[in-house]
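This report looks at how one chain is packed. It begins with the nonpolar core and then turns to the helices around that core.

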Amino acid sequence: MFYPVNAFYFVVTGQVFDSVITIAIGFFFDAPFTSGRFFRLGKYKTWYLIGVTVLIVSFPVCFSELPMLVETPATAVTIFLLCICLSQLAWSFCQIAHLSMINELSVTGADRIWLTSTRQTASIYAAVVVFACFWATLQLNDGSKLSKSDIFVIAVSIASSSSGDVKSI
């Protein structure tokens with residue numbers, strides 16, 4: 001039903017949506033009418049909690065066979081694109097909440113630089129760890145192409161990377 005080129009279109013669509021929505025969320029966070037004080041958590045924690053919750057729901061669907069169970073390919077594409085865009089929206093909530101808190105937590109410019117560089121370092125380190133874990137689990141394969149029998153390896157990889165989302169709550 002899907003060809004490898006479709007994955008390219010899904011990724012590009014997600015990246016374009018992310019580039020537009022991150023800027024929009026940044027303006028939205030700064031707007032005076034968005035206090036975002038639900039459940040007495042404060043502005044940043046509220047948006048972060050919303051982002052993490054939406055991410056936990058939408059991100060696993062991007063890698064599941066759930067959209068393939070529908071009857072028409074157009075519906076499956078719509079479900080995939082909707083989940084990809086929701087994941088990008090949720091990630092923007094979390095990312096902008098993090099970046100907005102830097103100004104609240106720091107007094108001097110040097111503190112802001114240190115917090116931003118520490119955040120970026122941790123982000124890159126986490127990406128490398130997830131890549132290494134995924135690569136290590138794929139080494140358990142016999143070297144052939146991925147098949148339905150490899151679903152356990154992929155599920156463990158997704159579960160290990162998604163556990164960070166759950167722990168961040």
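The largest nonpolar core holds eleven residues: Ile21, Ile25, Phe29, Tyr44, Trp47, Tyr48, Val52, Phe93, Cys94, Ile96 and Ala97. Such a core is a set of buried Ala, Val, Leu, Ile, Met, Phe, Trp, Tyr and Cys residues joined through side-chain atoms within 4.5 Å. Buried means under 20% relative accessible area, exposed over 50%, and partly exposed in between (1.4 Å probe, protein chains only). H1, helix H2 (43-62) and H3 each give two or more residues to this core. A second, separate core has six residues, including Phe10, Val61, Cys83 and Ile84. In soluble globular proteins, nonpolar side chains tend to be buried together.

The model is predicted: local features need pLDDT of at least 70, side-chain atom pairs count only at pLDDT 80 or more, and totals for chains, interfaces and linings use all residues. Residues are numbered from 1 along each chain as its sequence is written, and side-chain values use heavy atoms, with hydrogens and water left out.

The chain has five helices and zero strands. Both kinds of element are DSSP runs, numbered from the N terminus: helices are H or I with at least four residues, strands E with at least two. From the N terminus, the order is α-α-α-α-α. Of the 169 residues, 30% are buried. Contact means heavy atoms within 4.5 Å. Among contacts between residues at least 6 apart in sequence, 61% join residues at least 24 apart.

Helix H1 (residues 4-30) packs against helix H3 (residues 73-105) at about 40 degrees, with axes 8 Å apart. Axes are lines fitted to C-alpha atoms, for helices over the stretch in contact, and angles run from 0 to 180 degrees between N-to-C directions. The residues of this contact divide into 14 nonpolar, nine polar and one charged. Here Ala, Val, Leu, Ile, Met, Phe, Trp, Tyr, Cys and Pro count as nonpolar, Asp, Glu, Lys and Arg as charged, and the others, Gly among them, as polar.

| Residue | Relative accessibility | State |
|---|---|---|
| Phe27 | 62% | exposed |
| Ser92 | 0% | buried |

Phe27 is in helix H1. Its C-alpha atom lies 9.9 Å from that of Ile96, 69 residues apart along the chain. Ile96 also belongs to the largest core. Ser92 is in helix H3. Leaving out residues up to four places away in sequence, Ser92 touches Asp18, Ile21, Thr22 and Ile25. Ile21 and Ile25 are members of the largest core.
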